[in-house]
Amino acid sequence: MDVTLHLAQEPEADELLGRSPLAALVGMLLDQQVPMEWAFAGPRTIARRLNADDLDAHEIAAYDPEEFAALLSAKPAVHRYPGSMAKRIQQLCAYLVEHYEGDPTALWEGVASGKDLLKRLNDLPGFGKQKSQIFLALLGKQLGVRPDGWREAAGAYGEPDAYRSVADITGPESLQRVRTHKQQLKAAAKASGK
């Protein structure tokens, strides 16, 4: 993986996301209840606080949980809920170590189909169906990971030119289109009383 992503809208953070599969996974994990840019800048902040150029699943999984939570809680915090997200990141890394020798690319290398990849993503701690489908769409649309049937497995997020999620963000204009789409969904949900 070595592409240019524009999810954090911050060059150093985006550079890390584009070359580090674990950073991209952690960013996706953090992408809830905070602005997307904040979530996807998180992996760079964590790496910097670990005095590293990249994230390492073995190191994070083995880190003392209280110290890792403190690392994420230091100002500025990596997330609105740094303690619970520290735990989730460590669970994700421990899962990768146990099932994939700490290598996130093993999730998709040699996978038979988009459906199989979606199942593997769904099995990750902290990844539900929607998060898994969005990450699958990101892999396919921007990172060149395209097993047979990936668009179908990603659901609506796999549609070309959909502007529904982070998978569709390639710069400021597409970011605004995704934000507009999300605002429309919220307005429709509010109008219908949901």
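Colleague: Where does Leu55 lie?

Modeller: This is a predicted model, in which local features need pLDDT of at least 70, side-chain atom pairs count only at pLDDT 80 or more, and totals for chains, interfaces and linings use all residues. Residues are numbered from 1 along each chain as its sequence is written, and side-chain values use heavy atoms, with hydrogens and water left out. Helices here are DSSP runs of H or I with at least four residues, numbered from the N terminus. On that numbering, the place of Leu55 is the loop between helix 3 and helix 4.

Colleague: Is Leu55 buried or exposed?

Modeller: Buried means under 20% relative accessible area, exposed means over 50%, and partly exposed is in between, with a 1.4 Å probe and protein chains only. The relative accessibility of Leu55 is 8%. Leu55 is therefore buried.

Colleague: Which residues is Leu55 in contact with, leaving aside its neighbours within four places in sequence?

Modeller: Contact means heavy atoms within 4.5 Å. With neighbours within four places in sequence left aside, the contacts of Leu55 are Leu22, Ala23, Val26, Pro43, Ile46, Ala47, Leu50 and Ile60.

Colleague: Which residues touch the most other members of the largest nonpolar core?

Modeller: A nonpolar core is a set of buried Ala, Val, Leu, Ile, Met, Phe, Trp, Tyr and Cys residues joined through side-chain atoms within 4.5 Å. The largest one has 65 residues. Those that touch the most other members are Phe40, Ile46, Leu55, Ile89, Leu96, Leu124 and Phe135.

Colleague: What is Leu124 in contact with, beyond its neighbours within four places in sequence?

Modeller: Leu124 is among the core residues that touch the most other members. Its contacts, with neighbours within four places in sequence left aside, are Leu25, Leu92, Tyr95, Leu96 and Leu107.

Colleague: How many residues of helix 2 are buried?

Modeller: Helix 2 runs over residues 21-30 and is mostly covered. What covers its buried residues includes helix 1, helix 3, helix 4, helix 6 and helix 8. The buried residues include Pro21, Gly27 and Leu30. The count for helix 2 is ten of its ten residues.

Colleague: How far apart are the closest N and O atoms of Glu12 and Arg44?

Modeller: A salt bridge is a side-chain nitrogen of Lys or Arg within 4 Å of a carboxyl oxygen of Asp or Glu, and the structure holds six. One of them links Glu12 in helix 1 to Arg44 in helix 3, 32 residues apart. Glu12 is partly exposed at 46%, whereas Arg44 is buried at 18%. The closest N and O atoms of this pair are separated by 3.5 Å.

Colleague: Which element gives the largest share of the lining of the largest pocket?

Modeller: On a 1 Å grid over the protein atoms alone, a pocket is an open set of points where a 1.4 Å probe fits, with protein on both sides within 12 Å along at least five of seven lines, and lining residues have an atom within 4 Å of a point. The largest pocket is lined by 22 residues, with Asp31, Gln130, Arg164, Lys182 and Lys186 nearest its centre. Two or more lining residues come from each of helix 8 and helix 10. The largest share, eight residues, is that of helix 10.

Colleague: How much space lies in the largest pocket?

Modeller: Grid points are joined across faces, edges and corners, and the volume is the space filled by probe spheres set on the points. For the largest pocket this is about 640 Å³.

Colleague: What is omega for the peptide bond from Lys75 to Pro76?

Modeller: Pro76 is in the loop between helix 5 and helix 6. The bond from Lys75 to Pro76 is cis, and its omega is near -10°.
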